[in-house]
Amino acid sequence: MACRIEDYALIGDCQSCALVGKSGSIDWLCLPRFDSDACMAALLGDENNGFWRIAPACKVHSVRRAYRDATLTLETEFETSEGKVTLIDFMPAGDPTSDVVRIVACSEGAVPMRSELVIRCGYGVDVPWVQHIDGGITAIQGPDCFRVLSPALMRGENFRTYSDFTIHKGERVPFVFGWWPSNSAMPKPIDPERALVANDAFWTAWSCRCEIGGDYSAQVKRSLITLKALTYAPTGGLVAAPTTSLPEQIGGVRNWDYRFCWLRDATMSLRSLVVCGHESEARAFRDWILRAAAGMPSQLQIMYGIAGERRLIELELDWLKGYENSLPVRIGNAASKQLQLDVYGELVNTWYLGVEHGFGHTREGWRMLCALVRHLEQAWKEPDFGIWEVRGEPRHFTYSKVMCWVAFSRAVEAIEKYGLPGPLERWRAIRDEIHSRVCSDAFDAKLGSFVQTPGSCEPDASLLLMLRVGFLPPTDPRIVGTVRAIERILLRDGLVMRYLTQPAIDALPSGEGAFVPCSFWLADAYIELGRYDEARALFDRLLGLCNDVGLLSEEFDPKGFRMLGNFPQALSHVALVNTAIRLARAASSAAHARKGR
């Protein structure tokens, strides 16, 4: 049985990753890329769908785990009736092959251990051909080859591989699980101890570039490491999460594949990476976005594969029973073909932020942006599926129109500030028309708030981002009223819901957890409105939603106090970083003001 979502930790090599449970079991592993077929999929099924557990074979009294300092090396300590052992898990960053390294180290006593491995290709359905070799096993299935090496003796039984051994104080027993394409020669095995030293050095050097200080520097650094781990190094693309189909409601159908790159995450991600000193990652992400979006403006997608792929065909895997029986299990994502107008604004804003931070621009890049904005001259009037990617009928979502305003606003600023060529007067007029239409059509005077769509009677949490993009100043009573309406209507047990889920809007059954980034957006709004104490109190509460190793999921169930949705979620960590930065700046401004007096 899979662990609770919060009981998993992430290891990765910036090309793929694995989820390791407190039980010592890897229940999710896709190799060699984030979006490859899983070869261990017990997370979405059961042990017959693939897993790898290394754990004591005696009674365990307690389990403690943590990442090594500022790295992605996970240490899980088991205190048992026979002694103490630590399981060290990592995937060597920068390794030309795809490997998972697990080292068992004993600090007290003599502890009996068991390694149990089930490899199942094709998301847990295809049984590979397994052969024993000196020091381990190999497995082959179609395009995939695997190898497990260890000094611990391995045996096979019922299509599973076991290794039983006793480890004594001061001893270390390594295991290396490697992948390579079946049409290539078997790679040379890596030295696990040297790989550990190199992996820690890689992450320590990367983390040292973080320039954020203040009360929340440790949480910010852990979130940045997580974001780096979710970056596909060969292209610079950032996956929304490394998992698919972890449910937004246990037993529900809101189960989606997040192993792709969303354009709308770009602006928030770029800002946090640049401010924290990671400009090379920000540049790579900006460049990936511009490459992926190149083409006909009318064919712009809201998400792409990690190498810029466009075809993300959605399928259901009927052989997997789903996480805690939450069906269906999906791969691919049909929302990739939806019209979501806000991404045009996100794309132009991302480009503009890069220029503002000194990334420069090219003539061809500006021409492409102009083509997108020209397409938007008429497209902004169309209904779309909105930021929440509803599966119902398209509507005129307020936030989509706001982001269309952002597209024209940033294009106008670029022409005015940098002297770039473009139809300045026409785009100014369209910018002003969109602003006027949103203020007249999407504001409910009785509610005192902007609403999700013209004519609706409630807001949605995306309207909090109107402050981020500068649509209106924070002192405007319409903004103040919108924040109050969101507090009144969308707060549940102190956390913000995305919107009131209704079958008429999203064509799905009602009910889900609180979308974690939305609560950070409310804390950001509090900062803009000068409600600093409330912002800090909310932020501190949100930090309490992190699991024991500092990771956040997509959603949270405040009643059952458990994580929901895909995990770990990049946007949740981006939101954490951005709110921490805003709080630090607010504290610094307050300190300067006090000195001035």
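**Exercise 1. Describe the open sheet that contains β26, β27 and β28.**

Solution. The order of this open sheet of 3 strands is β26-β27-β28, and the pairing is antiparallel. Strands here are DSSP runs of E with at least two residues, helices are runs of H or I with at least four, and both are numbered from the N terminus. Two strands pair if DSSP finds at least two bridges between them. At the edges are β26 (514-515) and β28 (562-564), each of which pairs on one side only. Next, take the contact of β27 (residues 555-557) with β28: the two pair in the antiparallel sense over 3 bridges. F556 has M563 in β28 as its bridge partner.

The model is predicted: local features need pLDDT of at least 70, side-chain atom pairs count only at pLDDT 80 or more, and totals for chains, interfaces and linings use all residues. Residues are numbered from 1 along each chain as its sequence is written, and side-chain values use heavy atoms, with hydrogens and water left out.

**Exercise 2. State how many cavities of 30 Å³ or more the whole structure has, and describe the lining of the largest cavity.**

Solution. Begin with the criterion: on a 1 Å grid over the protein atoms alone, a cavity is a set of points where a 1.4 Å probe fits but cannot get out, and lining residues have an atom within 4 Å of a point. Grid points are joined across faces, edges and corners, and a volume is the space filled by probe spheres set on the points. The search of the whole structure gives 11 cavities of 30 Å³ or more. The largest cavity holds about 370 Å³. Its lining has 28 residues, and Y258, I387, W388, E389 and R498 lie nearest the centre. By class, the lining of the largest cavity has 16 nonpolar, 2 polar and 10 charged residues. In this scheme Ala, Val, Leu, Ile, Met, Phe, Trp, Tyr, Cys and Pro are nonpolar, Asp, Glu, Lys and Arg are charged, and the others, Gly among them, are polar.

**Exercise 3. Find which strand gives the most to the lining of the second largest cavity.**

Solution. The volume of the second largest cavity is about 80 Å³. It is lined by 13 residues, of which D99, R147, V176, G178 and P189 are the closest to its centre. At least two lining residues come from each of β9 (98-118), β12 (144-149) and β15 (172-181). The strand that gives the most is β15, with 4 residues. The lining of this second largest cavity divides into 7 nonpolar, 3 polar and 3 charged residues.

Key: On a 1 Å grid over the protein atoms alone, a cavity is a set of points where a 1.4 Å probe fits but cannot get out, and a pocket is an open set with protein on both sides within 12 Å along at least five of seven lines; lining residues have an atom within 4 Å of a point.
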